[in-house]
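Me: I have a structure to go through with you. Could we discuss how its parts pack together?

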Amino acid sequence: MPNTLFQKISEIIKTDFKNTFPGGNVILQDSTSKPVKINKTGSFLCIQPDKKIRDWKNNFPFFETSIAELCSVSDHIIVYPKTDTLYIFIVELKTTNPTGAIKQVRANYELGKYICGTARRMLNNPLVDIQYRGLIFSSKTFKGTTKPKKPLYHQDTNSELKYRHLQSGNTYSLDTLSD
């Protein structure tokens, strides 16, 4: 069932917001961060909420955009079906200082829940295990940011989101990050 929901999400997201990666290599990078390479097996969808939009606040037509942090978004949402679970990775790329990144990840967590909820509604609400994971990449070294044998996630105090800090400039596997 995760594959059915994955297909519906892929169908309902406008092409303008989808990132494609020639040759299947997933390399995430913004103008100031080190590249992060993501290895995967199988299908995935990478959504970039602020892609190709000069004023990304236009993505939120119902909100008063003058209110600080109301329209913040993180860099990517990766949708990844694995066995019996659909993983939603909320990715934020920072240079050295990840301050404020959790607020952006929380914003896309809510957006991710809305996207999944809409797709479920379109499919008459199938029961699917959906797991949300925040990934904050920066070149700043934190305890536990090196390549883990098993991911160590922290529980966000303001939501059900689990997140972790990771070192940018490295290669990570979605399969490992989803265990």
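Me: Which residues does Ile-130 touch, leaving aside those up to four places away in sequence?
Reply: In this predicted model, Ile-130 touches Leu-5, Leu-86, Ile-88, Cys-116 and Arg-120, with residues up to four places away in sequence not counted.

Me: And which residues touch the most other members of the largest nonpolar core?
Reply: That core has 25 residues, and those touching the most other members are Ile-9, Ile-47, Val-79, Leu-86, Ile-88, Ile-130 and Tyr-132. At least two residues each are supplied by α1, β4 (45-47), β5 (76-82), β6 (85-93), α2 and β7 (129-138). The largest share is that of α2, with seven residues.

Me: What lies apart from it?
Reply: Another core, of 20 residues, lies apart from it; Val-36, Ile-78, Val-91 and Leu-174 are among its members.

Me: Turning to the helices, at what angle do α1 and α2 pack?
Reply: Helix α1 (residues 2-12) packs against helix α2 (residues 101-122) at about 110 degrees, and their axes are 9 Å apart. That angle makes α1 roughly perpendicular to α2. From α1, the contact involves Leu-5, Lys-8, Ile-9 and Ile-12; from α2, it involves Ile-115, Cys-116, Thr-118, Ala-119, Arg-120 and Met-122. By class, seven of the contact residues are nonpolar, one is polar and two are charged.

Me: Now the sheet: what is the strand order?
Reply: The open sheet of seven strands runs β1-β4-β5-β6-β7-β9-β8, with mixed pairing. Because β1 (18-19) and β8 (154-155) stand at the edges with a single partner strand each, one side of each has no neighbour in the sheet.

Me: Which strands does α2 lie across?
Reply: Helix α2 lies across β4, β5, β6, β7 and β9 (162-167), and runs at about 150 degrees to β7.

Notes: Residues are numbered from 1 along each chain as its sequence is written. This is a predicted model: local features need pLDDT of at least 70, side-chain atom pairs count only at pLDDT 80 or more; totals for chains, interfaces and linings use all residues. Side-chain values use heavy atoms; hydrogens and water are left out. Axes are lines fitted to C-alpha atoms, for helices over the stretch in contact, and angles run from 0 to 180 degrees between N-to-C directions. Helices (H or I, at least four residues) and strands (E, at least two) are DSSP runs, numbered from the N terminus. Angles under 35 degrees count as roughly parallel, over 145 as roughly antiparallel, 65 to 115 as roughly perpendicular and the rest as oblique. Contact means heavy atoms within 4.5 Å. Ala, Val, Leu, Ile, Met, Phe, Trp, Tyr, Cys and Pro count as nonpolar, Asp, Glu, Lys and Arg as charged, and the others, Gly among them, as polar. A nonpolar core is a set of buried Ala, Val, Leu, Ile, Met, Phe, Trp, Tyr and Cys residues joined through side-chain atoms within 4.5 Å. Buried means under 20% relative accessible area, exposed over 50%, partly exposed in between (1.4 Å probe, protein chains only). Two strands pair if DSSP finds at least two bridges between them.
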